[in-house]
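Here is a friendly walk through the structure, in numbered points. Keep the model open as you read, and look up each residue when it comes up.

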Amino acid sequence: MLDLAAQWRLRYAATVVLLLPFWMKISGENLQYRLVSREVVERRLTKYIGDNQQRETTLKQLFADAGCDDQHLSEQPVKGSKLPNVLCILPGSSEKVIIVGAHFDRVSQGDGVVDNWSGASLLPSLLQAVNTEPRKHTYIFIGFTDEEKGEVGSRFYVRQMSQEQIAATEAMVNMDTLGLGSTEVWASHSDHHLYAALVYIAQKLNLPVSAVDVEKVGSTDAEQFAVRHIPRITVHSLTQKAWNDRILHTSKDKLSAMRLDDYYQTYCLLAAYLAFLDTIAGAPSPNPAQP
Ligand SMILES: [Zn+2]
């Protein structure tokens with residue numbers, strides 16, 4: 001999470017999920033995906049150690065361990081950053097793309113576990129969750145560099161996208177600052193349909209999700225995608241309490257700040273969500289009157 005201002009404004013947004021009957025028709029009842037164990041998710045979380053360079057190396061290794069081979073795993077050199085973005089591509093049967101991103105860099109204070117190894121280290125486990133059967137969408141999992149210096153990696157990534165690539169990208173799912181509590185969405189800065197789809201899946205799985213808007217607190221990589229009108233959603237876990245406790249960008253950002261039950265629930269929800277998006281992303285809006 002990139003700090004912009006000290007003033008915190010908490011807003012719980014209400015979303016009316018109007019699309020449920022439509023989705024039930026097109027998505028069917030059986031989503032196919034495979035969860036990795038809580039032990040694996042937590043083991044990956046404990047590998048936050050080191051500076052940003054070490055974390056970049058670790059993320060690559062975690063992708064490789066999760067089955068991303070040399071042909072699909074790459075580093076994208078980023079202008080203005082010493083470190084590259086890390087990409088793992090899971091090809092689908094169409095040209096359509098779902099991007100799943102999280103920044104791996106940290107600020108110097110604290111251990112950068114919450115912000116944002118919690119997000120980055122989940123990428124390989126999400127890859128494994130959807131890499132169980134052929135998908136329509138190509139999934140691109142990206143560990144972004146230097147979010148904390150001004151969304152440098154994500155800005156570069158978006159700027160080098162062609163018009164065709166932008167048009168083909170139906171969703172950008174951004175994870176920043178997970179595990180402080182249950183799953184939250186920056187709803188005011190998320191695509192309505194992507195947010196409603198997450199609420200729908202959460203209800204089906206009986207997992208919590210709510211909206212906490214953080215625009216006075218910071219920004220995050222997904223905003224770079226919004227600049228080019230790519231539908232995006234940011235998942236986080238910030239609450240008023242976490243903000244008051246000053247966990248982010250301080251010495252309190254360490255493993256002990258993580259609520260591991262909540263963190264694994266967020267993983268379970270996102271795994272199902274990514275599988276669900278393959279069935280609905282890019283579908284024509286059932287309610288064109290909606291903004
Ligand atoms: Zn941050």
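1. Let's begin with the overall picture. Take the contacts between residues at least 6 apart in the sequence of the protein chain: 86% of them join residues at least 24 apart. Please keep in mind that this is a predicted model. The chain has 291 residues, and 56% of them count as buried. Its secondary structure comes to eleven helices and ten strands.

2. Now look at a pair of helices. Helix H8 covers residues 192–205 and helix H11 covers residues 260–280; their axes come within 9 Å and cross at roughly 120°. While you have a helix on screen, here is a handy rule: an α-helix has 3.6 residues a turn, so residues three or four places apart point the same way.

3. Helix H3 (residues 52–65) packs with helix H5 (residues 123–130) at an angle of about 20°, and the axes are 9 Å apart. Angles under 35 degrees count as roughly parallel, so H3 and H5 are therefore roughly parallel to each other. H3 passes H5 in a right-handed crossing. Leu59, Leu62 and Phe63 of H3 make the contact with Leu123, Pro124 and Leu127 of H5. These residues divide into six nonpolar, no polar and no charged.

4. Helix H6 (residues 152–159) is worth a look for its surroundings. Which of its residues are buried? They are Val152, Gly153, Ser154, Tyr157 and Val158. These buried residues pack against strand E2 (73–76), E3, E4, strand E5 (138–144) and helix H9 (222–227).

5. Next come the charged pairs. Side chains of opposite charge can pair when their charged atoms come close. The count here comes to ten salt bridges. One of them joins Lys96 and Glu170, with the closest N and O atoms 3.8 Å apart. This pair links distant parts of the chain: Lys96 sits in the loop between strand E3 (85–90) and strand E4 (97–103), Glu170 sits in strand E6 (residues 169–175), and they are 74 residues apart. Lys96 counts as partly exposed because its relative accessibility is 34%, while Glu170, at 14%, counts as buried.

6. Are the partners in other salt bridges buried or exposed? Lys149 pairs with Asp146, and their closest N and O atoms are 4.0 Å apart. Lys149 is exposed at 65% relative accessibility, whereas Asp146 is buried at 7%. Arg232 and Glu223 meet in a salt bridge of 2.8 Å, N to O, and both Arg232 and Glu223 are buried. There is also a network of salt bridges that links Arg38, Glu42 and Asp261.

7. Some backbone details deserve a check. A cis peptide bond, with omega about 5°, joins Asp115 and Asn116. Asn116 lies in helix H4 (residues 113–120). Thr177 is not a glycine, yet it has a positive phi of about 70°. Thr177 is found in the loop between E6 and strand E7 (183–185) and counts as buried, at 0% relative accessibility. Asn206, again not a glycine, has a positive phi of about 60°. Asn206 belongs to the loop between H8 and E8, and at 70% relative accessibility it counts as exposed.

8. To finish, find Ala211 in strand E8 (residues 209–211). Ala211 is buried, with a relative accessible area of 1%. How far from Ala187 is Ala211 in sequence and in space? The two are 24 residues apart in sequence, and their C-alpha atoms are 5.5 Å apart.

Key:
Residues are numbered from 1 along each chain as its sequence is written. This is a predicted model: local features need pLDDT of at least 70, side-chain atom pairs count only at pLDDT 80 or more; totals for chains, interfaces and linings use all residues. Side-chain values use heavy atoms; hydrogens and water are left out. Axes are lines fitted to C-alpha atoms, for helices over the stretch in contact, and angles run from 0 to 180 degrees between N-to-C directions. Helices (H or I, at least four residues) and strands (E, at least two) are DSSP runs, numbered from the N terminus. A salt bridge is a side-chain nitrogen of Lys or Arg within 4 Å of a carboxyl oxygen of Asp or Glu. Buried means under 20% relative accessible area, exposed over 50%, partly exposed in between (1.4 Å probe, protein chains only). Contact means heavy atoms within 4.5 Å. Angles under 35 degrees count as roughly parallel, over 145 as roughly antiparallel, 65 to 115 as roughly perpendicular and the rest as oblique. A crossing is left-handed if the near helix is turned anticlockwise from the far one by less than a right angle, and right-handed if clockwise. Ala, Val, Leu, Ile, Met, Phe, Trp, Tyr, Cys and Pro count as nonpolar, Asp, Glu, Lys and Arg as charged, and the others, Gly among them, as polar.
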